[in-house]
Amino acid sequence: LLKQEAKIRIPLHKRPLPFKDKNIEIIPADLTKPQDCLNVSEGIDYVFHAAGAVGFAGASKLDAMQKIILNLILTSRMLFAAWQAGAERFLILSSSTVYPAFEHPVKEDEAWSGPVHPSYLGYGWMKRYLEKLAEYTASNSKLKIALLRPTAVYGPGDNFDPKTCHVIPALIHRAMAKENPFVVWGSGNEVRDFIHVADVARASLLALERYATCNPVNIGYGKWVTIKEVVGTILKLCGHSKAKINFDCSKPTAIPVRMVDTAKAKEVLGFQAEISPEEGFKDTIEWYKSHYGKE
């Protein structure tokens, strides 16, 4: 957005902004509060709604419920505020957790062909509901809405708190600490599609510009890896490839296979992910080193 000389307004709540620019206006805001949502939406043309709470493996059911409620509030409040303020377009980042448990690359129109995987009972259905809320808003207002369903996102600026982070930052944090034996939850045969945050940002711009039709689009790298392959790559990049790896199947994991079909993104957005997992992991590790002083 800065490269396109956009004037940007960013609401800040708990996390600090890691950079400054004359084209960025910062507003302290709590997006659970209607007036704060309206304050950040007034005079805005395009809203990129990326605020939210994320769950993690091993979280308590009570904590998961808190995050589900928070996400419902944040997105519904911001949709309403953008509608009230007369914004033109609104981007919602949904999730690939809306899909049933298929073992093939799922297409967008398969989301309602069955229930979500049991591990996503709360989060996946919450995302499904927010997509329907977006449809309601778009059909009753002039607000044009883009819907993206990204796969597992990672990259610089990620959450590296070992108590709450997702798999990629967790593995990097522990590999840089030279843990040995290196214990990994699950069998290692779980299949995932990981996408770098820079690719997600590019897809978000394209979606809001070219496809604000409230019609969901999968965003993923488009090729799949096992957790076992991911662990091997990260250990190598962190200089810890001699560690003994123990896969612990007694620990909680999510869906065993998640692959998405990315043909629609290429067709309607002209989007194809550019950053391979190995390139992306290396980029993320370098960012981690520069911010956490690990050698």
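**Close-up views of a predicted model**

View 1. Three bridges join strand 5 (residues 144–150) to strand 10, and the two run parallel; helices (H or I, at least four residues) and strands (E, at least two) are DSSP runs numbered from the N terminus. Val-217 in strand 10 is the bridge partner of Leu-148. The model is predicted, so that local features need pLDDT of at least 70 and side-chain atom pairs count only at pLDDT 80 or more, while totals for chains, interfaces and linings use all residues. Residues are numbered from 1 along each chain as its sequence is written, and side-chain values use heavy atoms, with hydrogens and water left out.

**View 2. The buried residues of helix 8.** Pro-277, Gly-280, Phe-281, Thr-284, Ile-285 and Tyr-288 are the buried residues of helix 8 (buried means under 20% relative accessible area, exposed over 50%, partly exposed in between, with a 1.4 Å probe and protein chains only). Seen down the axis of helix 8, these residues fall within an arc of 135°, taken from the directions from the helix axis to the C-beta atoms, and so line one face of the helix. The face turned away from the buried side carries the exposed residues Lys-282 and Ser-290. The cover over the buried residues includes strand 6 (152–154), helix 4 (167–176), strand 9 (194–196) and helix 6 (227–237), contact meaning heavy atoms within 4.5 Å.

Terms used. Pairing = 2+ DSSP bridges.
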